[in-house]
Amino acid sequence: MAKNDLLGGSLWDQYSNKVTTLMNNPTNQGEITQEECDAAGHKLIVADFGAESCGDAVRLYWEVDPKDDTIVSSKFKSFGCGTAIASSDMMAELCIGKTVQQAVKITNIDVEMALRDDPETPAVPPQKMHCSVMAYDVIKKAAGLYLGVDEASFEDEIIVCECARVSLGTLREVIRLNDLKTIEQITDYTKAGGFCKSCIKPGGHEAREYYLVDILAGVRHEMDVEKMQAAADAGGHGDFETMTLVQKIKAIDAVIDESVRQFLIMDGGNMEVIDIKDSPDYIDVYIRYLGSCSGCSSSTTGTLYAIESTLKEKLSSKIRVLPI
Amino acid sequence: MNVYLDNNATTMVDPAVVEAMMPFFSEIYGNPSSLHRYGTASHPAITKAINQMYKAINASDKDDVVFTSCATEANNWVLKSVWIDKILHGEKNHIVTTEIEHPSVLSTCKFLEDQGVKVTYLPVNDQGIVEAHTVRSFITEKTALVSIMWANNETGMIFPIQEIGEICKEKGVLFHTDAVQAVGKIPVDLSVVHVDFLSMSAHKFHGPKGIGALYIRESQKLTPLLHGGEHMGGRRSGTLNVPYIVGMGKAIEIATENIEEKMAAIAAKRDRLEDALLSGLTDVFTVGDRANRTPNTILISIRGVEGEGMLWDLNNALIGASTGSACASEDLEANSVMLAIGADNELAHTGIRLSLSRFTTDAEIDYVIERFESAVSRLRAISSSYAIVQPTAGGAAAECGIHH
């Protein structure tokens, strides 16, 4: 929010001249009939995407020459706002002359780039980027129909943000490598979530399979687990001072089990670790004697010395053992 | 022909209002709080404006009508100050409102929810209004305030404010109404209708932008929103905006004089336009019973034509209208009023609002009918909903997966 954001409501001013021209006079608007295709020996493909109750619906018509899979003619119909009409028109235009296999490679970003007046300025405001995504989806549907395959087979990765075409793999990698902690950071790094915002969290314009909030939480959780595992592994190699409290207690218990406890039990006693307090100079281990150990005169002298020296030797020279 | 049919958004300032305001910019510009002659020179005009305001809504001399910067301020004032007076410093914890209020009420309620207040958002029926018995059933002994609009901006539908006022009075609950879309459009008589607080805005009835007012019954307690130099009897601080106060007074006087006649004249044009669109086009419907609607408003749904596209074509034809379509909003969220009515999911994408004023002419109506129909036929020719060739096997659209 700053000076340029003070006056809102200029949505239409952000449309490129190409967008407004096509909104007013779409060149590929219309239908292709079965009769036309039959007369030329071509195949008719009609694909729908979206629904009117969603506010976005587009129908794509292809006349395909079966000899070389070339799209001879391409037309569209659109229930949609002006930018949906302009995007659909450009999408149909980009299909003409391509083979079906080439057309499948057209993305919403290609459509949006083709609608720009100059390469540096977006053709539509961010929230309208969503309109061009439909163009991409309906092409895949049409190609699937023509080739007799499931349209999902054209996508070799899971796209989380369709507006910016950012994949699940990319998102996970970027979060991890850059230690990202917020959705805003993800949008800054990848552009994902910066357009129609549907992919950020459930409840947006469109229901999605993956949401950025879940992906972020998942990756952060994995990173935390890894961090803890790394700490645990480090602890196993004797780096006692960097261990977490729980790891320290476990390490001490292990040493006591191995080297101390059996001698105490032989004398009818035992001990337990109560608490550990870290200070810059010492690691204080508070213990309590059990059974015959409590009250035994050696418990504050020889036995205590034996326990402390064993822990110092095996774990850290900073350890002091304090019976309570 | 330039035709402005977005009068529920704002109106042209009546030239007679501008004329009344003009002396108070560079001639009589003293601060009304000053003791000298330059300050007091504006007092007769301010007194006149105050009288015009009281007369227009039939307020009693025991009541307060306090000028504010806009109705948003008036709505914020009531909600936040009732929160302070009755919830923070009282035993109450609950506010009742509706899900189709103006953002200045809804956003303030959301803010109050963040502060721990319980807020009930009442649903509307298929006419887009809240029924009085619904209000009654949600008032509890913890309810501090009921805030319900008098008429809705999108549909023009008029709420049963008199009945709701009686219920609130009987239950001993404060009642606020945002009457921005009612004052100057339909009769508002506060000697008959019981409301504790009423918000209004001058620019909705051919007055200037940047001035509104809050009516406060019997000058009852309401902690100020703006503290300062104790203007307006200590109720609302800030140097009196003299030209705008004069303008609001003049505008409300003109709008409410012979209001029945003015309503009939606007309704005649509105009905002619609505009838023409309903009979000239297929697959269209309008929202709400005309008899219970502000006389200037039409909300029409056009099947197969997306609202922003329609607004674009109307704009190209120099016609200004409005749409609640999600595609025309910054956040792609469909208009809450359209969704709340729930009559038809498509309404959220196809609703076009046409709102007339007393300055709308018959020639303008004829022009709009013609251009509206040609816009619909152009957009339907593009629309997939009106395609002749059906999709090939497997190519048909899936169910809508979009959250509404």
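Reply:

Chain A has twelve helices and eight strands. Here helices (H or I, at least four residues) and strands (E, at least two) are DSSP runs, numbered from the N terminus. The model is predicted: local features need pLDDT of at least 70 and side-chain atom pairs count only at pLDDT 80 or more, while totals for chains, interfaces and linings use all residues. Residues are numbered from 1 along each chain as its sequence is written, with chains lettered from A and ligands numbered from 1 in the order in which they are written.

Start with the overall dimensions. Chain A has a radius of gyration of 34 Å, whereas a compact globule of 324 residues would have one near 20 Å. That radius is taken over C-alpha atoms, and the globule rule is 2.2 Å times the number of residues to the power 0.38. Along the principal axes, the C-alpha trace of chain A spans about 110 × 50 × 35 Å. Buried residues come to 40% of the 324 in chain A. Buried means that 20 or more other C-beta atoms lie within 10 Å of the residue's own; exposed means 12 or fewer, partly exposed is in between, and C-beta atoms are placed from the backbone.

Now the side facing the partner. In chain A, 39 residues are in contact with 34 residues of chain B. A contact needs the two C-beta atoms, placed from the backbone, to lie within 7 Å. Six elements of chain A each supply at least two residues of this side: helix 1 (17-24), strand 1 (43-51), strand 2 (56-65), strand 3 (70-79), helix 3 (82-95) and helix 6 (129-147). Strand 1 of chain A gives the most, with eight residues. By class, the side of chain A that touches chain B holds 17 nonpolar, 15 polar and seven charged residues. Ala, Val, Leu, Ile, Met, Phe, Trp, Tyr, Cys and Pro count as nonpolar; Asp, Glu, Lys and Arg count as charged; the others, Gly among them, count as polar.

Two contributors to that side also pack on each other. Helix 3 and helix 6 of chain A cross at roughly 40 degrees, and their axes come within 8 Å. Axes are lines fitted to C-alpha atoms, for helices over the stretch in contact, and angles run from 0 to 180 degrees between N-to-C directions. The crossing of these helices of chain A is right-handed. A crossing is right-handed if the near helix is turned clockwise from the far one by less than a right angle, and left-handed if anticlockwise. Helix 3 of chain A brings Thr83(A), Ala84(A), Ser87(A), Ser88(A), Met91(A) and Cys95(A) to the contact. Helix 6 of chain A brings Cys131(A), Ser132(A), Met134(A), Ala135(A) and Ile139(A). The contact of helix 3 with helix 6 of chain A has seven nonpolar, four polar and no charged residues.

The C-alpha atoms of chain B fill a box of roughly 80 × 50 × 35 Å along the principal axes. Of the 404 residues of chain B, 50% are buried.

Contact range is worth a look too. In chain A, 55% of contacts between residues at least 6 apart in sequence join residues at least 24 apart. In chain B, residues 24 or more positions apart account for 73% of the contacts with a separation of 6 or more.

Helix 5 (residues 71-88) and helix 6 (residues 103-114) of chain B pack at about 30 degrees, with axes 9 Å apart. These two helices of chain B are therefore roughly parallel. Angles under 35 degrees count as roughly parallel, over 145 as roughly antiparallel, 65 to 115 as roughly perpendicular, and the rest as oblique. The crossing of helix 5 and helix 6 of chain B is right-handed. Residues of helix 5 of chain B in this contact include Leu79(B) and Trp83(B), and those of helix 6 of chain B include Val105(B) and Leu112(B). The contact of helix 5 with helix 6 of chain B divides into six nonpolar, five polar and one charged residue.
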